[in-house]
Amino acid sequence: EALQVMAGRIVGLMTRAEELEEELLNRCCKTECSDDFVSLGVPEEELKAWQSNDDSNTKQRISDAAAAIDAACLFDEPLRYNRARSLLAMFLHEVEGPGLRQNNVVIPCMDVDFLLEEEWSLLFGSNDKEEKDDQLSSDPVVVDKKSAKEESDEPGDIMADEKQPERPSLHPITIDAIEEGFRLRAQNMTTSPLRLIDQQTEWFEVQYSVMKFADRFLEKYTKVNDEFQWTEEELQTIGGRIVGTLMRLEDLEWEWNHRICTSSLAEADSPSMIPYALWKTTLGLHPEDVEQKCPLTLDTALLEEKDFARARAERMLALFLTNIEAPGLEGSDNTFPGGSYPDFIEDTVQLELMKPKPKK
(Lines give C-alpha, C1' and ligand atoms only; values in the text may rest on other atoms or scores of the structure.)
Protein backbone atom coordinates (compact mmCIF):
# COMPACT_ATOMS: atom_id res chain seq x y z
CA GLU A 1 0.00 0.00 0.00
CA ALA A 2 2.79 2.42 0.87
CA LEU A 3 4.45 1.90 -2.52
CA GLN A 4 1.16 2.53 -4.32
CA VAL A 5 0.57 5.73 -2.34
CA MET A 6 4.07 7.00 -3.09
CA ALA A 7 3.78 6.16 -6.77
CA GLY A 8 0.38 7.84 -7.02
CA ARG A 9 1.71 10.99 -5.36
CA ILE A 10 4.74 11.14 -7.62
CA VAL A 11 2.55 10.83 -10.71
CA GLY A 12 -0.05 13.27 -9.38
CA LEU A 13 2.52 15.88 -8.40
CA MET A 14 4.54 15.65 -11.61
CA THR A 15 1.35 15.95 -13.66
CA ARG A 16 0.58 19.23 -11.90
CA ALA A 17 4.19 20.39 -11.39
CA GLU A 18 4.00 23.44 -13.63
CA GLU A 19 0.76 24.68 -12.07
CA LEU A 20 2.09 24.13 -8.55
CA GLU A 21 5.34 25.94 -9.31
CA GLU A 22 3.50 28.91 -10.84
CA GLU A 23 1.31 29.17 -7.75
CA LEU A 24 4.36 28.87 -5.48
CA LEU A 25 5.99 31.82 -7.25
CA ASN A 26 2.77 33.86 -7.14
CA ARG A 27 2.52 33.34 -3.38
CA CYS A 28 6.14 34.39 -2.87
CA CYS A 29 5.48 37.58 -4.85
CA LYS A 30 2.80 38.59 -2.36
CA THR A 31 5.27 39.03 0.50
CA GLU A 32 8.49 41.02 0.88
CA CYS A 33 10.68 38.72 2.99
CA SER A 34 12.68 37.27 0.11
CA ASP A 35 15.33 35.78 2.41
CA ASP A 36 12.80 33.25 3.65
CA PHE A 37 11.92 31.97 0.20
CA VAL A 38 15.08 29.86 -0.05
CA SER A 39 13.55 27.64 2.64
CA LEU A 40 10.69 27.04 0.19
CA GLY A 41 13.05 26.21 -2.66
CA VAL A 42 12.60 29.54 -4.47
CA PRO A 43 15.92 31.30 -5.22
CA GLU A 44 16.10 35.06 -5.58
CA GLU A 45 17.10 34.80 -9.26
CA GLU A 46 13.95 32.87 -10.13
CA LEU A 47 11.70 35.26 -8.23
CA LYS A 48 13.26 38.27 -9.97
CA ALA A 49 12.76 36.63 -13.37
CA TRP A 50 9.14 35.92 -12.51
CA GLN A 51 8.48 39.46 -11.27
CA SER A 52 10.34 41.25 -14.07
CA ASN A 53 8.24 39.49 -16.71
CA ASP A 54 4.94 40.17 -14.97
CA ASP A 55 3.49 41.97 -17.98
CA SER A 56 5.02 39.77 -20.68
CA ASN A 57 3.46 36.74 -22.32
CA THR A 58 3.00 33.69 -20.16
CA LYS A 59 5.32 31.40 -22.13
CA GLN A 60 8.24 33.82 -21.92
CA ARG A 61 7.66 34.38 -18.22
CA ILE A 62 7.63 30.65 -17.49
CA SER A 63 10.69 30.11 -19.70
CA ASP A 64 12.78 32.78 -17.95
CA ALA A 65 11.81 31.55 -14.49
CA ALA A 66 12.51 27.94 -15.47
CA ALA A 67 15.98 28.86 -16.72
CA ALA A 68 16.69 30.61 -13.42
CA ILE A 69 15.60 27.73 -11.21
CA ASP A 70 17.38 25.14 -13.37
CA ALA A 71 20.66 27.04 -13.07
CA ALA A 72 20.25 27.54 -9.32
CA CYS A 73 19.24 23.94 -8.59
CA LEU A 74 21.95 22.29 -10.66
CA PHE A 75 24.59 22.36 -7.90
CA ASP A 76 22.42 23.18 -4.89
CA GLU A 77 21.02 20.02 -3.30
CA PRO A 78 19.40 21.81 -0.29
CA LEU A 79 17.53 24.09 -2.70
CA ARG A 80 16.23 21.09 -4.68
CA TYR A 81 15.17 19.43 -1.43
CA ASN A 82 13.33 22.53 -0.22
CA ARG A 83 11.56 22.91 -3.55
CA ALA A 84 10.37 19.31 -3.44
CA ARG A 85 9.10 19.79 0.14
CA SER A 86 7.08 22.87 -0.85
CA LEU A 87 5.49 21.24 -3.89
CA LEU A 88 4.64 18.09 -1.96
CA ALA A 89 3.11 20.16 0.86
CA MET A 90 0.90 22.06 -1.61
CA PHE A 91 -0.11 18.82 -3.33
CA LEU A 92 -1.02 17.06 -0.08
CA HIS A 93 -2.80 20.02 1.50
CA GLU A 94 -4.74 21.38 -1.46
CA VAL A 95 -5.02 18.68 -4.13
CA GLU A 96 -5.01 15.23 -2.53
CA GLY A 97 -6.17 15.99 1.01
CA PRO A 98 -9.57 17.67 0.47
CA GLY A 99 -10.98 14.83 -1.65
CA LEU A 100 -9.74 12.11 0.69
CA ARG A 101 -11.13 13.78 3.80
CA GLN A 102 -14.46 14.55 2.18
CA ASN A 103 -14.86 10.84 1.44
CA ASN A 104 -13.51 9.78 4.85
CA VAL A 105 -10.57 7.97 3.24
CA VAL A 106 -7.36 7.43 5.19
CA ILE A 107 -4.04 6.62 3.52
CA PRO A 108 -0.48 6.70 4.88
CA CYS A 109 1.11 10.10 5.63
CA MET A 110 -1.77 12.40 4.65
CA ASP A 111 -0.70 15.32 6.86
CA VAL A 112 1.86 17.99 6.06
CA ASP A 113 3.97 17.56 9.19
CA PHE A 114 7.38 18.36 7.70
CA LEU A 115 7.14 22.17 7.46
CA LEU A 116 8.27 24.71 10.04
CA GLU A 117 5.67 27.20 11.26
CA GLU A 118 7.27 30.01 9.22
CA GLU A 119 7.24 27.88 6.07
CA TRP A 120 3.62 26.93 6.65
CA SER A 121 2.73 30.60 7.03
CA LEU A 122 4.50 31.57 3.80
CA LEU A 123 2.83 28.79 1.81
CA PHE A 124 -0.68 28.78 3.23
CA GLY A 125 -1.07 32.20 4.84
CA SER A 126 -1.49 30.95 8.42
CA ASN A 127 0.77 29.67 11.20
CA ASP A 128 -2.13 28.46 13.30
CA LYS A 129 -1.01 25.11 14.76
CA GLU A 130 -4.53 23.73 15.00
CA GLU A 131 -5.21 24.52 11.36
CA LYS A 132 -1.98 22.84 10.37
CA ASP A 133 -2.78 19.70 12.31
CA ASP A 134 -6.35 19.44 11.03
CA GLN A 135 -5.30 19.97 7.39
CA LEU A 136 -8.46 21.85 6.53
CA SER A 137 -9.32 22.57 2.93
CA SER A 138 -10.12 26.27 3.36
CA ASP A 139 -6.71 27.57 2.27
CA PRO A 140 -5.95 29.42 -1.02
CA VAL A 141 -6.29 27.29 -4.12
CA VAL A 142 -3.34 25.74 -5.86
CA VAL A 143 -4.10 27.44 -9.13
CA ASP A 144 -5.74 30.86 -8.90
CA LYS A 145 -8.71 30.79 -11.24
CA LYS A 146 -9.91 34.38 -11.54
CA SER A 147 -12.45 33.69 -14.26
CA ALA A 148 -16.10 33.38 -13.29
CA LYS A 149 -17.55 29.92 -12.69
CA GLU A 150 -21.04 28.61 -13.17
CA GLU A 151 -22.32 26.51 -10.29
CA SER A 152 -24.38 23.39 -10.92
CA ASP A 153 -26.59 21.13 -8.80
CA GLU A 154 -24.91 18.02 -10.21
CA PRO A 155 -22.14 16.56 -7.99
CA GLY A 156 -18.71 17.42 -9.31
CA ASP A 157 -20.13 19.40 -12.21
CA ILE A 158 -17.50 22.11 -12.47
CA MET A 159 -18.19 24.11 -15.60
CA ALA A 160 -15.84 26.06 -17.81
CA ASP A 161 -15.83 29.85 -18.00
CA GLU A 162 -18.92 31.08 -19.87
CA LYS A 163 -16.91 33.82 -21.55
CA GLN A 164 -14.60 31.34 -23.25
CA PRO A 165 -15.58 29.85 -26.62
CA GLU A 166 -17.09 26.40 -26.36
CA ARG A 167 -14.48 23.66 -26.50
CA PRO A 168 -14.89 19.98 -27.36
CA SER A 169 -15.36 17.62 -24.44
CA LEU A 170 -12.21 16.06 -23.02
CA HIS A 171 -14.04 12.87 -22.10
CA PRO A 172 -14.08 11.01 -25.48
CA ILE A 173 -10.31 11.10 -25.96
CA THR A 174 -9.78 10.08 -22.33
CA ILE A 175 -12.16 7.15 -22.75
CA ASP A 176 -10.34 6.15 -25.96
CA ALA A 177 -7.07 6.01 -24.01
CA ILE A 178 -8.51 3.95 -21.14
CA GLU A 179 -10.08 1.55 -23.64
CA GLU A 180 -6.70 1.17 -25.33
CA GLY A 181 -5.15 0.70 -21.89
CA PHE A 182 -7.39 -2.32 -21.29
CA ARG A 183 -6.05 -3.95 -24.46
CA LEU A 184 -2.43 -3.26 -23.53
CA ARG A 185 -2.94 -4.57 -20.00
CA ALA A 186 -4.58 -7.73 -21.33
CA GLN A 187 -1.42 -8.60 -23.25
CA ASN A 188 0.53 -8.85 -19.96
CA MET A 189 3.79 -7.70 -21.53
CA THR A 190 6.63 -7.73 -19.03
CA THR A 191 8.32 -4.88 -20.92
CA SER A 192 5.31 -2.57 -20.50
CA PRO A 193 3.25 -3.88 -17.57
CA LEU A 194 0.04 -2.10 -16.67
CA ARG A 195 -0.47 -4.40 -13.68
CA LEU A 196 1.63 -6.47 -11.28
CA ILE A 197 2.02 -9.46 -13.58
CA ASP A 198 4.12 -11.62 -11.25
CA GLN A 199 6.36 -11.38 -8.20
CA GLN A 200 9.19 -9.98 -10.32
CA THR A 201 7.13 -6.98 -11.45
CA GLU A 202 7.77 -3.86 -9.38
CA TRP A 203 5.16 -1.17 -8.83
CA PHE A 204 7.46 1.55 -10.17
CA GLU A 205 7.56 -0.38 -13.48
CA VAL A 206 3.76 -0.18 -13.69
CA GLN A 207 3.88 3.50 -12.85
CA TYR A 208 6.48 4.17 -15.54
CA SER A 209 4.56 2.13 -18.13
CA VAL A 210 1.32 4.02 -17.41
CA MET A 211 3.02 7.40 -17.80
CA LYS A 212 4.76 6.38 -21.03
CA PHE A 213 1.50 4.96 -22.38
CA ALA A 214 -0.30 8.25 -21.71
CA ASP A 215 2.50 10.25 -23.36
CA ARG A 216 2.57 8.05 -26.44
CA PHE A 217 -1.20 8.00 -26.76
CA LEU A 218 -1.51 11.80 -26.62
CA GLU A 219 1.42 12.28 -29.00
CA LYS A 220 -0.12 9.88 -31.50
CA TYR A 221 -3.61 11.36 -31.09
CA THR A 222 -2.49 14.96 -31.59
CA LYS A 223 -0.55 14.05 -34.74
CA VAL A 224 -3.46 12.18 -36.30
CA ASN A 225 -6.05 14.81 -35.32
CA ASP A 226 -4.10 17.95 -36.20
CA GLU A 227 -7.19 19.85 -37.36
CA PHE A 228 -7.95 20.80 -33.74
CA GLN A 229 -5.47 22.43 -31.38
CA TRP A 230 -5.73 21.37 -27.75
CA THR A 231 -4.48 23.82 -25.14
CA GLU A 232 -1.65 22.84 -22.82
CA GLU A 233 -4.04 22.84 -19.86
CA GLU A 234 -6.45 20.52 -21.69
CA LEU A 235 -3.66 18.09 -22.59
CA GLN A 236 -2.42 18.08 -18.99
CA THR A 237 -5.96 17.39 -17.76
CA ILE A 238 -6.46 14.54 -20.23
CA GLY A 239 -3.06 13.06 -19.41
CA GLY A 240 -3.70 13.34 -15.68
CA ARG A 241 -7.03 11.54 -16.01
CA ILE A 242 -5.51 8.76 -18.12
CA VAL A 243 -2.73 8.20 -15.61
CA GLY A 244 -4.98 8.60 -12.60
CA THR A 245 -7.52 6.07 -13.87
CA LEU A 246 -5.04 3.47 -15.12
CA MET A 247 -3.00 3.65 -11.91
CA ARG A 248 -6.14 2.82 -9.91
CA LEU A 249 -7.72 0.51 -12.47
CA GLU A 250 -7.98 -2.66 -10.40
CA ASP A 251 -9.39 -0.79 -7.40
CA LEU A 252 -11.96 0.98 -9.60
CA GLU A 253 -12.93 -2.31 -11.27
CA TRP A 254 -13.43 -4.04 -7.94
CA GLU A 255 -15.42 -1.12 -6.55
CA TRP A 256 -17.75 -0.93 -9.56
CA ASN A 257 -18.36 -4.68 -9.56
CA HIS A 258 -19.09 -4.58 -5.82
CA ARG A 259 -21.52 -1.66 -6.10
CA ILE A 260 -23.41 -3.30 -8.96
CA CYS A 261 -23.57 -6.74 -7.36
CA THR A 262 -24.97 -5.28 -4.13
CA SER A 263 -27.53 -3.05 -5.90
CA SER A 264 -31.01 -3.53 -7.32
CA LEU A 265 -29.48 -3.90 -10.80
CA ALA A 266 -28.31 -7.39 -9.82
CA GLU A 267 -31.40 -8.49 -7.86
CA ALA A 268 -33.51 -11.06 -9.68
CA ASP A 269 -36.82 -9.72 -8.32
CA SER A 270 -36.04 -6.06 -8.92
CA PRO A 271 -37.80 -4.22 -11.77
CA SER A 272 -34.52 -2.47 -12.56
CA MET A 273 -32.59 -5.74 -12.76
CA ILE A 274 -30.29 -5.94 -15.81
CA PRO A 275 -30.05 -9.38 -17.48
CA TYR A 276 -26.60 -10.99 -17.49
CA ALA A 277 -26.59 -10.92 -21.28
CA LEU A 278 -26.54 -7.11 -21.19
CA TRP A 279 -23.98 -6.61 -18.42
CA LYS A 280 -21.01 -6.14 -20.73
CA THR A 281 -22.47 -3.38 -22.89
CA THR A 282 -24.70 -1.79 -20.24
CA LEU A 283 -22.53 -1.98 -17.12
CA GLY A 284 -19.05 -2.65 -18.50
CA LEU A 285 -18.84 -5.80 -16.35
CA HIS A 286 -18.39 -9.47 -17.16
CA PRO A 287 -21.20 -11.52 -15.56
CA GLU A 288 -21.07 -14.77 -13.60
CA ASP A 289 -18.23 -14.00 -11.18
CA VAL A 290 -15.65 -13.78 -13.97
CA GLU A 291 -14.46 -10.40 -12.67
CA GLN A 292 -12.78 -11.80 -9.57
CA LYS A 293 -12.20 -15.45 -10.47
CA CYS A 294 -10.93 -15.55 -14.04
CA PRO A 295 -8.79 -12.58 -15.17
CA LEU A 296 -7.74 -14.43 -18.33
CA THR A 297 -11.35 -14.70 -19.50
CA LEU A 298 -11.86 -11.02 -18.68
CA ASP A 299 -8.73 -9.98 -20.60
CA THR A 300 -9.77 -12.03 -23.63
CA ALA A 301 -13.21 -10.45 -23.67
CA LEU A 302 -11.76 -6.94 -23.42
CA LEU A 303 -9.38 -7.69 -26.29
CA GLU A 304 -12.06 -9.10 -28.58
CA GLU A 305 -15.22 -7.15 -27.71
CA LYS A 306 -14.92 -3.44 -28.46
CA ASP A 307 -18.35 -2.51 -27.06
CA PHE A 308 -17.50 -4.20 -23.78
CA ALA A 309 -14.15 -2.40 -23.52
CA ARG A 310 -15.79 0.93 -24.36
CA ALA A 311 -18.54 0.57 -21.78
CA ARG A 312 -16.01 -0.46 -19.14
CA ALA A 313 -13.69 2.46 -19.95
CA GLU A 314 -16.60 4.89 -19.61
CA ARG A 315 -17.49 3.60 -16.17
CA MET A 316 -13.93 3.55 -14.90
CA LEU A 317 -13.48 7.18 -15.92
CA ALA A 318 -16.83 8.12 -14.41
CA LEU A 319 -15.87 6.51 -11.10
CA PHE A 320 -12.54 8.31 -11.12
CA LEU A 321 -14.19 11.67 -11.83
CA THR A 322 -16.95 11.40 -9.23
CA ASN A 323 -14.98 9.77 -6.41
CA ILE A 324 -11.45 11.10 -6.79
CA GLU A 325 -11.13 14.14 -9.03
CA ALA A 326 -14.35 16.08 -8.38
CA PRO A 327 -14.25 15.90 -4.54
CA GLY A 328 -10.67 17.14 -4.56
CA LEU A 329 -11.51 20.01 -6.90
CA GLU A 330 -14.56 21.01 -4.89
CA GLY A 331 -12.62 20.88 -1.65
CA SER A 332 -9.91 23.20 -3.00
CA ASP A 333 -12.26 25.37 -5.12
CA ASN A 334 -10.29 24.50 -8.23
CA THR A 335 -11.43 23.72 -11.79
CA PHE A 336 -10.37 21.65 -14.78
CA PRO A 337 -11.27 22.47 -18.39
CA GLY A 338 -14.75 21.30 -19.31
CA GLY A 339 -15.67 20.22 -15.80
CA SER A 340 -15.56 16.88 -14.00
CA TYR A 341 -19.15 15.68 -14.41
CA PRO A 342 -19.48 12.34 -16.32
CA ASP A 343 -22.12 13.50 -18.80
CA PHE A 344 -21.41 10.45 -20.98
CA ILE A 345 -23.25 8.19 -18.49
CA GLU A 346 -26.98 8.55 -19.20
CA ASP A 347 -28.35 5.93 -16.79
CA THR A 348 -29.42 7.80 -13.63
CA VAL A 349 -29.36 4.61 -11.54
CA GLN A 350 -25.74 3.98 -12.46
CA LEU A 351 -24.86 7.61 -11.81
CA GLU A 352 -26.38 7.34 -8.35
CA LEU A 353 -24.31 4.22 -7.64
CA MET A 354 -21.16 6.05 -8.71
CA LYS A 355 -21.55 8.85 -6.18
CA PRO A 356 -19.07 8.98 -3.28
CA LYS A 357 -20.33 7.04 -0.29
CA PRO A 358 -21.44 9.30 2.60
CA LYS A 359 -19.45 9.31 5.80
CA LYS A 360 -20.74 6.98 8.46
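**Notebook: helices and aromatic rings**

I took helices as DSSP runs of H or I with at least four residues, numbered from the N terminus. The model is a predicted one, in which I read local features at pLDDT of at least 70 and side-chain atom pairs at pLDDT 80 or more, while totals for chains, interfaces and linings use all residues. Residues are numbered from 1 along each chain as its sequence is written, and side-chain values rest on heavy atoms, with hydrogens and water left out.

**Helix H8**

I checked the span of H8, which covers residues 171-186. Its 16 residues reach 23 Å from the first C-alpha to the last, close to the expected 22 Å; the expected span is 1.5 Å times one less than the number of residues. I then looked up burial, calling a residue buried under 20% relative accessible area, exposed over 50% and partly exposed in between (1.4 Å probe, protein chains only). In H8, 13 of the 16 residues are buried, so the helix is largely enclosed by the rest of the structure.

**Pro 78**

I located Pro 78 in helix H5, residues 77-102. Pro 78 is exposed, at a relative accessible area of 53%.

I paired rings of Phe, Tyr and Trp (its six-membered ring) with centres within 6.5 Å, counting planes under 30 degrees apart as stacked, over 60 as edge-to-face and the rest as tilted. The count came to 4 aromatic pairs. One of them joins Phe 213 and Phe 217, a tilted pair at 6.2 Å centre to centre with 35 degrees between the planes. Both residues lie in helix H9 (residues 203-224), 4 residues apart or about one turn, and both are buried. Phe 217 also pairs with Tyr 221, stacked at 6.2 Å centre to centre and 20 degrees between the planes.

Why are Phe 217 and Tyr 221 separated by about one helical turn? They are 4 residues apart in H9, hence that separation. An α-helix has 3.6 residues a turn, so residues three or four places apart point the same way. For Phe 217 I recorded a relative accessible area of 14%, hence buried; Tyr 221 is partly exposed, at 22%. Phe 213, Phe 217 and Tyr 221 form one aromatic cluster.

**A charge over a ring**

Lastly, I looked at Lys 280, which lies over the face of Phe 308 at 5.6 Å from the ring centre. My criterion was NZ of Lys or CZ of Arg within 6 Å of the ring centre and within 35 degrees of the ring normal.

Key
Helices (H or I, at least four residues) and strands (E, at least two) are DSSP runs, numbered from the N terminus.
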